[in-house]
Every structure is written in structure tokens, then in C-alpha cells.
Amino acid sequence: MTRSSRRSTSEDVARAAGVSRTTVSFVLNNRPGQSIPEETRQRVLEAARRLDYRPHASARTLAAGRSELVLLSIPDARLGPGTSRFVEELAGALAEHGLTLITHLAGARGRPLPDVCATVNASAVVGLSPFDTETADALHRAGAEVVLPLPDPRVGVDEAMELAGALQAEHLIGLGHRRLGYAMPAHPGLRAMADARLAGVTGACAAAGIDPSVVEEIGLEIADASRAVARWRASGVTGVCAYNDETAIAVLAGVREQGIAVPTELAVIGVDDIPTAKLAAPPLSTIRFDVHEAGRRRAEAIVAALSGQEIEPPIDAGGPLLVRRSST
């Protein structure tokens with residue numbers, strides 16, 4: 001026997017419960033100020049459960065005055081564990097407020113973000129880094145009530161990334177390293193964030209009165225990492241700040257290929273504190289972001305903005321903090 005694929009409607013619920021569609025709307029949308037008997041309310045809820053009724057998004061949008069969708073723009077790059085964990089935390093925090101997170105992979109191969117915003121009727125659009133003014137204006141024209149984050153001279157994702165890089169370099173400099181290397185990821189989609197972290201490393205080197213770091217581009221291949229390690233060693237580098245933990249683990253593989261001791265001959269530090277960082281050989285020093293706190297704060301900012309409240313940029317959205325292990 002085949003089941004009907006027709007979606008249940010509020011009219012079906014009303015017929016099954018023996019009430020009007022208006023009553024169904026009042027009950028399912030929990031409208032205040034309605035004196036509906038409890039027995040009637042339970043009858044409607046039971047009919048909705050039995051029919052597996054789900055209101056259409058357009059109807060919910062009309063009732064609430066906006067959609068429940070938040071659109072997250074992610075750079076066109078392979079997502080690392082740190083980003084994936086942040087997305088999970090943000091989705092969970094938004095769900096607590098009745099909002100649903102959907103993601104869009106930004107880049108030349110996909111549809112423009114404003115087009116996607118208009119198609120899904122997103123109430124808010126958020127990014128991992130600040131949107132420029134032109135993009136933010138286009139998103140508002142596409143129907144987004146809230147666009148976050150916006151450029152702010154006091155704070156932003158770039159500032160947090162620079163701080164992570166500065167903490168890496170300061171840790172190595174504090175251990176006596178006077179010539180640093182920087183492991184740049186090969187994927188172009190990661191370059192903006194990597195450049196921000198490199199700026200932090202560069203600033204820390206300048207503050208300590210030492211030369212800027214020696215930058216080497218590294219993919220997740222042992223041969224690439226091995227060649228980079230050889231060049232670092234030839235230029236006198238004794239400590240390497242890697243873009244993230246995955247890049248740092250690739251560096252450690254290159255170090256083993258070169259037969260170099262860690263950390264006595266070359267110290268290595270990453271960023272993100274992914275679960276496998278502590279399992280690296282040797283266990284990897286890193287910079288940790290509290291992605292739970294960062295996701296919660298970003299969700300609170302979205303909810304506040306959708307409620308019409310003025311929001312202040314979070315000065316410290318969950319880190320970063322140094323985690324020292326054997327690799328340094």
C-alpha cells in the first residue's frame with residue numbers, strides 16, 4: 001500500500017479536530033489573549049501530531065512577521081575542525097531561540113550570497129568575518145533584517161585572528177626562539193584568515209625586536225612540509241607558527257621526514273586545539289578558541305538584533321588561550 005505524499009494542511013487539522021482553521025492557527029501559533037478551552041487545544045494538538053502537520057515556512061513567516069532562518073556564509077574552502085565546531089555550536093544556540101541555521105559556501109562557483117538570502121527569505125545573515133558595506137547593503141535589499149558582523153575598528157574576527165598569531169609568536173619568543181617561521185596554508189580560500197594570523201605573528205616579532213617570520217606555503221602533503229622544514233632550517237628558523245593545527249601536524253610530519261628533533265631543534269605551535277592535536281607526535285601546542293562561548297555570543301547578538309536591540313561587538317568572543325604541550 002502506498003502512502004499519500006500530499007502534505008497535511010491546517011484545514012486537515014481543523015477537520016480532524018472538529019474546529020475552525022482560525023482556532024487551529026491560534027493554538028499552533030500559541031497566540032496570546034485567546035480563551036480557547038484546554039480540551040479544544042489538546043484536541044487540535046493531537047490532530048496535528050497524528051497528521052504529522054508542519055506549517056509552511058511562508059505561513060510561519062507571515063504569522064511571525066519574519067522567517068526563522070539564519071544564513072551563515074562560509075568561505076569557499078575545506079572546512080577545518082575548528083570552523084565545523086563553531087557552526088555546530090552556533091546552530092545549537094540559535095535553535096534554543098527557535099531559529100534554524102542554514103549554510104552557504106561562498107565563492108565563484110556558487111550563487112551570490114544576496115541571491116541565496118532572497119531565495120530562502122533569511123531574516124539574518126552572518127559571516128565568519130565582517131561583511132563590507134556594499135555586501136551588507138545588498139543583503140539588506142535582499143530582505144535580511146540583520147547582517148553580522150560589520151566592520152568595527154574596535155573588534156572583529158580579524159582582531160581575534162591577529163591575537164591568536166601574536167600568542168603563538170610570543171610563546172615561542174618567550175622560550176628563547178629568535179628566528180620564527182610561519183606555515184601558510186596552500187588553499188587560497190583560507191588566505192584571508194591566515195594573513196590575519198600572520199599579521200599577529202609579525203607584530204609580535206616587531207615588538208620583540210627580531211626579524212619577521214619566514215613564510216612557507218604548505219599543503220597537507222609530507223613532501224611539501226619536508227621541503228619547507230629544510231628551507232626553514234637553512235635560514236636559521238627554530239620555531240614555527242602554523243596557520244592551524246592541521247597545518248602544524250603536516251609540519252610535524254615534515255620534521256620527522258627530515259629527522260629533526262622536536263622541540264629542541266624545531267618547535268611547532270598550531271591554532272584551534274582540534275581533538276587530534278593532543279594525539280600528534282609529539283602532542284601539539286596550540287591556541288584554543290572557546291567555540292561554545294563564541295557560538296553562544298554570536299547567537300545572542302543575532303537574537304538581540306532581530307528584536308531591535310542595539311548590540312555591542314563582543315570584545316572577547318571565547319578566547320584565544322595558549323595550550324602548551326610537548327611540541328614547544
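Visitor: Is cysteine 117 buried or exposed?
Guide: This is a predicted model, and in it cysteine 117 is buried, with a relative accessible area of 0%.

Visitor: And what about cysteine 205, buried or exposed?
Guide: Cysteine 205 is buried too, with a relative accessible area of 1%.

Visitor: How many disulfides are there?
Guide: Searching the whole structure gives zero disulfides. For cysteine 205, the nearest cysteine sulfur belongs to cysteine 241 and is 7.1 Å away. A disulfide needs the two sulfur atoms within 2.5 Å, so cysteine 205 is in no disulfide.

Visitor: Let's switch to the strands. Which strands does strand 1 pair with?
Guide: Strand 1 runs parallel to strand 2 (residues 100–105), and six bridges join them. Strand 1 also pairs with strand 3 (residues 124–127), again in the parallel sense, over four bridges.

Visitor: What are the bridge partners of valine 70?
Guide: In strand 2 the partner of valine 70 is leucine 101, and in strand 3 it is alanine 124.

Visitor: How many residues of strand 1 are buried?
Guide: Five of the six are, so strand 1 (residues 69–74) is mostly covered by the under 20% cut-off for buried.

Visitor: Now the inside. How many residues does the largest nonpolar core have?
Guide: That core has 23 residues, and those with the most contacts inside it include Ala169, Tyr182 and Cys241. Helix 8 (157–174), strand 5 (180–185), helix 9 (191–208) and strand 8 (267–269) each give two or more residues to this core. Helix 9 gives the most, with six residues.

Visitor: What does alanine 169 touch?
Guide: Leaving out residues up to four places away in sequence, alanine 169 touches Leu180, Val201, Ala204 and Cys241. Apart from this core lies another one, of 22 residues, with Ala183, Trp232, Val251 and Ile274 among them.

Visitor: Why would such side chains sit together?
Guide: In soluble globular proteins, nonpolar side chains tend to be buried together.

Visitor: One last topic, helix 12. How far does it reach?
Guide: Helix 12 (residues 291–306) has 16 residues and reaches 22 Å from its first C-alpha to its last, close to the 22 Å expected at 1.5 Å a residue. Its buried residues include Val291, Glu293, Arg298 and Leu306.

Visitor: What is found at its start, and what just after it?
Guide: At the start of helix 12, a side-chain oxygen of aspartate 290 comes to within 3.2 Å of the backbone nitrogen of histidine 292. Just after helix 12, glycine 308 has a positive phi of about 85 degrees.

How values were computed:
Residues numbered from 1 in each chain as written. Predicted model: local features only at pLDDT ≥ 70, side-chain atom pairs only at ≥ 80, totals over all residues. Heavy atoms only, no water. Buried < 20%, exposed > 50% of the residue type's maximum accessible area, 1.4 Å probe, protein only. Pairing = 2+ DSSP bridges. Core = buried A, V, L, I, M, F, W, Y, C linked by side-chain atoms within 4.5 Å. Contact = heavy atoms within 4.5 Å. Expected span 1.5 Å × (residues − 1). Polar contact = N/O pair within 3.5 Å; in protein donor to acceptor, adjacent residues only side chain to side chain.
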